[in-house]
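Please read it with the sequence and structure open.

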Amino acid sequence: MFKRLALCCMLLAPWTTWASGGYDNGTPAGEGKIDIELTWNPSNIVEDGQSYVVWGYGLTDRLDFHGYISHEARGTDQIYYGLMYNFFQHRVINLSTAIGLRHRKGLLNMFAPQLLFTLKLVNNFDLIGSAVHVYDLNNDHPRGMTMI
């Protein structure tokens, strides 16, 4: 019962429509500004879901310290932190690149290179995503490319 109630509250809460998606994107926070996004999976209602906090802090107008902390429903915790540089800004699209480290299940992975984007749609909607090369630093081998 609690899981159904929590899911209904999440779907109907008006503030959920104001979030940018909870993932890293190609738009920097801006110098001296903090960008924080929260995604909550109460009681691990989504079995393959996760709860996480994504942050960006603007070191300059184009350079952010960014990252995330997450808890997966199946019990795995992870943290990622790195630097993101916005190399292209336009009224329609922002493009950035980033490098960072992820700690997950006792492994240390490097995310590099990364391409992050924000595609600006009508009515203040954004389509965001990334393409990330993951490298296993513990075993010195590439893990492949991931895209969101």
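The points below cover the basis of the model, a surface patch, the salt bridges and some backbone details.

1. **Basis.** This is a predicted model: local features need pLDDT of at least 70, side-chain atom pairs count only at pLDDT 80 or more, and totals for chains, interfaces and linings use all residues. Residues are numbered from 1 along each chain as its sequence is written, and side-chain values use heavy atoms, with hydrogens and water left out.

2. **Nonpolar patch.** Nine names make up this surface patch: Ile34, Ile36, Leu38, Val53, Tyr57, Leu59, Phe65, Leu83 and Ile99. Together they have about 830 Å² of accessible area. Such areas come from the Shrake-Rupley method with a 1.4 Å probe; for residues, only the protein chains shown count as cover. Patches take residues with over 30% relative accessible area and no salt bridge; like charges are joined within 9 Å, and nonpolar side chains (Val, Leu, Ile, Met, Phe, Trp, Tyr) within 5 Å.

3. **Where the patch comes from.** Strand 1 (34–39) and strand 2 (50–58) each supply at least two patch residues. Strand 1 gives the most, with three. Strands (E, at least two residues) and helices (H or I, at least four) are DSSP runs, numbered from the N terminus.

4. **Leu38 and Val53.** Leu38 is exposed, with a relative accessible area of 62%. Val53 is partly exposed, at 32%. Buried means under 20% relative accessible area, exposed over 50%, and partly exposed in between (1.4 Å probe, protein chains only). Leu38 touches Tyr52 and Val53, not counting residues up to four places away in sequence. Contact here means heavy atoms within 4.5 Å. The C-alpha atoms of Leu38 and Ile69 are separated by 10.0 Å, and these residues are 31 apart along the chain.

5. **Salt bridge Asp48–Arg74.** The structure holds two salt bridges. The term means a side-chain nitrogen of Lys or Arg within 4 Å of a carboxyl oxygen of Asp or Glu. In one, the side chains of Asp48 and Arg74 meet at 2.5 Å, N to O. Asp48 lies in the loop between strand 1 and strand 2, and Arg74 in the loop between strand 3 (63–72) and strand 4 (77–89), so the pair ties together parts that are 26 residues apart in sequence. Asp48 is exposed, and so is Arg74.

6. **Salt bridge Glu72–Arg104.** Here the side chains meet at 3.0 Å, N to O. Glu72 belongs to strand 3 and Arg104 to strand 5 (residues 93–104), so this pair ties together parts that are 32 residues apart in sequence. Glu72 counts as buried, at 16% relative accessibility. Arg104 is partly exposed, at 21%.

7. **Cis peptide.** Please look at the bond from Ala112 to Pro113. This peptide bond is cis, with omega near -10°. Pro113 lies in strand 6 (residues 107–120).

8. **Positive phi.** Ser43 has phi near 55°, a positive value in a residue other than glycine. Asn44 is not a glycine either, and has a positive phi of about 55°. Ser43 sits in the loop between strand 1 and strand 2, and Asn44 is placed in the loop between strand 1 and strand 2 too. Ser43 is partly exposed, with a relative accessible area of 44%. Asn44 is partly exposed, at 26%.
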